[in-house]
Amino acid sequence: MDLLLKEVQGLFEQQLRVESLLALSKKLQYEFKERLQSSTQCMLPSHNYTLPNGKEHGTYLALEVGGSTLRVALVDLHGRASSRQSLRIRRIATSTIDNRVRGLRGLAFFDWIAEKIGEMLSADKEACDYMQLEEPIPMGIAWSFPIDQTSIRSGNILGMGKGFHCSIYKGSDLGDLITQACQRLNLNIRLDAIVNDSSAAVLSRAYVDPSTRLAVILGTGINAAIHLPVSSLHDSKFGLRQFPTTIETTHVLVNTELSMFGKRAFPTTRWDDHLNAHHILPDYQPLEYLLAGGYMGEIVRLIIVEATETAGLFDGKLPAALSIPFSLETRTLAAFEADTYPNLTRSCIYFQNEYNLPVPPTLAEMRFIRQVVLSVSRRSQGYFTAAIHALSSLLHDLDDGILQNGLDHICIGCDGSVINKYPGFMERSQALLDELVRADQSGQKRVVLESAGESAVLGAGVAAAMANASE
């Protein structure tokens, strides 16, 4: 196993030197600029032109609709200068979107969402009182499915996939479907804003920190949004849209679809190539396949399979549970990463129980697996940091105002299970990012990673507040 481990460490760590990561960053920057001008899949301008000024205030209804979860919340905005917590979730209710819910036909799915909104509001006395007034409760929604957005509060559904039977409403306006479902239950609600998850992360963090210009989501997948000058995007990106006249439109929040970049930039290993070749969408999201939580475990599993077949791991007998693709989850990698005891007792017990191993792995086998985990996770951190450096460099290059705004750093809001929960991921990424900025010598400001937890819900609330303030 020693020879294979040495090969794994060499392949996964050879690109993690500062000069190598800066070279990867340069290649990504070229891709970013190229797709700002031409791509219909990446670098997509939203209908969010300004960032919050921190003076927006009030209580807003916020929805997060994902593939497996619906969250309904009341979000309080007290202002950036408030002595109280400036932005908080006052009440939240979470519902699972299981196969039964996905199977709801026609308008039933949207009626189900309206029912969950009503249940959450009925549990909050102030909201109940508010609903008796003539003025409707303003709402923002973080929508995780493809949508052709036509304004800040409207957009045509492009399909939902993932077993959703309500996809027959493809082409229908999301704002109308949600609003009409609420009206059928006599809910006094007005949809004011629709955002995606990465844009929501920018808005939620920018509300409390004015140095925020971009945000990244790193969990099962990866995405990022960045606030750029409108002039940096080709006119064709905006189609026939009418720009609002009530707000400044010099900048726009851009959904990068970061997962789709990197095919021409990042080196791969034979295990990466195997994963990509057997994926249902090969080459579709190359960066995501290399570093996101949905794939880190599979890369480790493929190395374990090879080690079992060629290097005597598990005496050449692969545990049945590990023969299933994507059965090794990121939480298992986190258990190995967090176990710093010399005998790896904790991770051994966890690993044996989680994968029904007939006998406990030997200490040598556990150490081999842990070292593989470390190599894979360190590469994930390195590639992630190169992508962040590339985005911040793009911002400095395209927006002259960044260097003139009087702030000594740029904040990046971070949400997602990997960046916020994987042991040491954010801390090591920040340290490496500091090294890259220093070594780059381009006059770039310090780039600071800050947690933006619950960003989808909070950002939806902030988006609704901004829509109200602009009217």
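Two strands count as paired here if DSSP finds at least two bridges between them. With that in hand, here are some close-ups of this predicted model.

**View 1. An open, six-stranded sheet.**
The 6 strands line up in the order S1-S11-S10-S9-S12-S13, and their pairing is mixed. Out at the edges sit strand S1 (44-45) and strand S13 (446-451), each of which pairs on one side only.

**View 2. Strand S10 and its two partners.**
Start with the S9/S10 hairpin, which has 3 residues between its strands. S9 and S10 run antiparallel and are joined by 5 bridges; in one of the pairings to look for, Leu 214 has Ile 226 of S10 as its bridge partner. Now turn to S11 (residues 251-255), which is also antiparallel to S10 (residues 222-229) and joined to it by 5 bridges. Here Leu 228 has Val 252 in S11 as its bridge partner. How many of the residues of S10 are buried? The count is 8 of 8, so S10 is mostly covered, with buried meaning under 20% relative accessible area.

**View 3. Helices packed on the sheet.**
Helix H7 (residues 197-208) lies across S9 (212-218), S10, S11, S12 (409-415) and S13. Relative to S9, H7 runs at about 135°. Helix H16 (residues 425-440) packs on the sheet too, where it touches S9, S12 and S13. The direction of H16 makes about 170° with that of S13.

**View 4. Around Arg 270.**
Arg 270 is found in helix H8. Buried or exposed, or something in between? Arg 270 is partly exposed because its relative accessible area is 36%, which falls between the 20% and 50% cut-offs. Skip the neighbours within four places in sequence, and the contacts of Arg 270 are Leu 4, Glu 7, Leu 11 and Glu 306.

Tyr 284 lies in the loop that links helix H8 (270-277) with helix H9 (286-291). With a relative accessible area of 35%, Tyr 284 is partly exposed.

Notes
Residues are numbered from 1 along each chain as its sequence is written. This is a predicted model: local features need pLDDT of at least 70, side-chain atom pairs count only at pLDDT 80 or more; totals for chains, interfaces and linings use all residues. Side-chain values use heavy atoms; hydrogens and water are left out. Helices (H or I, at least four residues) and strands (E, at least two) are DSSP runs, numbered from the N terminus. Buried means under 20% relative accessible area, exposed over 50%, partly exposed in between (1.4 Å probe, protein chains only). Contact means heavy atoms within 4.5 Å. Axes are lines fitted to C-alpha atoms, for helices over the stretch in contact, and angles run from 0 to 180 degrees between N-to-C directions.
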